[in-house]
Amino acid sequence: MSKSDILRYGSPGENAVHLCVDMQRMFAEATDWKMPWLPRVLPNIITITAAHAERTVFTRFIPARKPGQGAGMWRHYYERWASMTIDLMGPDMVGLVPDLMKFVPPARIVDKHVYSPWTGSALHTQLRDAGVDTLAITGGETDVCVLATMLGAIDWGFRVILVTDALCGSADETHDATMDIYLKRFGEQVETVTTDTLLESWPGNERGRMAS
């Protein structure tokens, strides 16, 4: 990643937001969706959040309540992943991991029922109303919800910064392949940097909160 570890357009600036994807207990603890990489990247996500708590938005993926619920193919999805429905795994499992929950508030939470946070939510309107033009994206999974988050952000015209050592997936092979796609196919619209590089250009300071 060293060759791409640069912010081509300069500092993220005061209109940037840290958008952290789905760092939830159901992906951190002993479930069928556990992400083994999550503990590796969590310290970096904590560092970014601590520097910019007022500018952080956490997304949460909210599964169906019961097996077989959902529209269209989502019904089949929750038949396959019945163990990950809320009634079976428990509602507490959709919560953020405790090390991040302590930042809420001032950090905020946006819930979603699909991979993309741009579908069925007011996220885009909230960010635009707050004057946000740049998103520094962290979280998981690299090849699913992070991918959907990134593509939607590109479509809405946001400057997108992916924090490479603050992204996680469930398997090295798919994580590495997706990162390769980010670098080679979205090089004009996505900047990929490490946590240190991000915070060198975007250090924490006193900032007003985003508009409610």
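1. Contact here means heavy atoms within 4.5 Å. Keep in mind that this is a predicted model, where local features need pLDDT of at least 70, side-chain atom pairs count only at pLDDT 80 or more, and totals for chains, interfaces and linings use all residues. Residues are numbered from 1 along each chain as its sequence is written, and side-chain values use heavy atoms, with hydrogens and water left out.

2. Overall dimensions: a compact globule of 212 residues would have a radius of gyration near 17 Å, and the protein agrees, at 17 Å. That radius is taken over C-alpha atoms, and the globule rule is 2.2 Å times the number of residues to the power 0.38. The C-alpha trace spans about 45 × 40 × 30 Å along its principal axes.

3. Secondary structure comes to 9 helices and 6 strands. These are DSSP runs numbered from the N terminus: H or I of at least four residues for helices, E of at least two for strands.

4. Burial: 49% of the 212 residues are buried (buried is under 20% relative accessible area, exposed over 50%, partly exposed in between; 1.4 Å probe, protein chains only).

5. Now look at the loop between β1 (16–21) and α1 (25–28), where Q24 sits. Q24 is buried, at 0% relative accessible area. A polar atom of its side chain lies 2.8 Å from the backbone oxygen of V94. Beyond its neighbours within four places in sequence, Q24 is in contact with residues including L38, F61, M93 and V94.

6. D22 is in that loop between β1 and α1 too, and its relative accessibility of 0% makes it buried. Its phi is near 55°, positive although D22 is not a glycine. For context, most residues other than glycine have a negative phi, and most peptide bonds are trans.

7. Check the prolines in the loop between α5 (98–101) and β3 (108–112), where P105 lies. The V104 to P105 peptide bond is cis, with omega near -15°. The bond from P105 to P106 is cis as well, with omega near 15°, and P106 is also placed in the loop between α5 and β3.

8. Finally, I181 belongs to helix α8 (residues 172–185). I181 is partly exposed, with a relative accessible area of 42%.

Note on methods:
A polar contact is a pair of N or O atoms within 3.5 Å; within protein, one must be able to donate a hydrogen and the other to accept it, and residues adjacent in sequence count only if both atoms are side-chain atoms.
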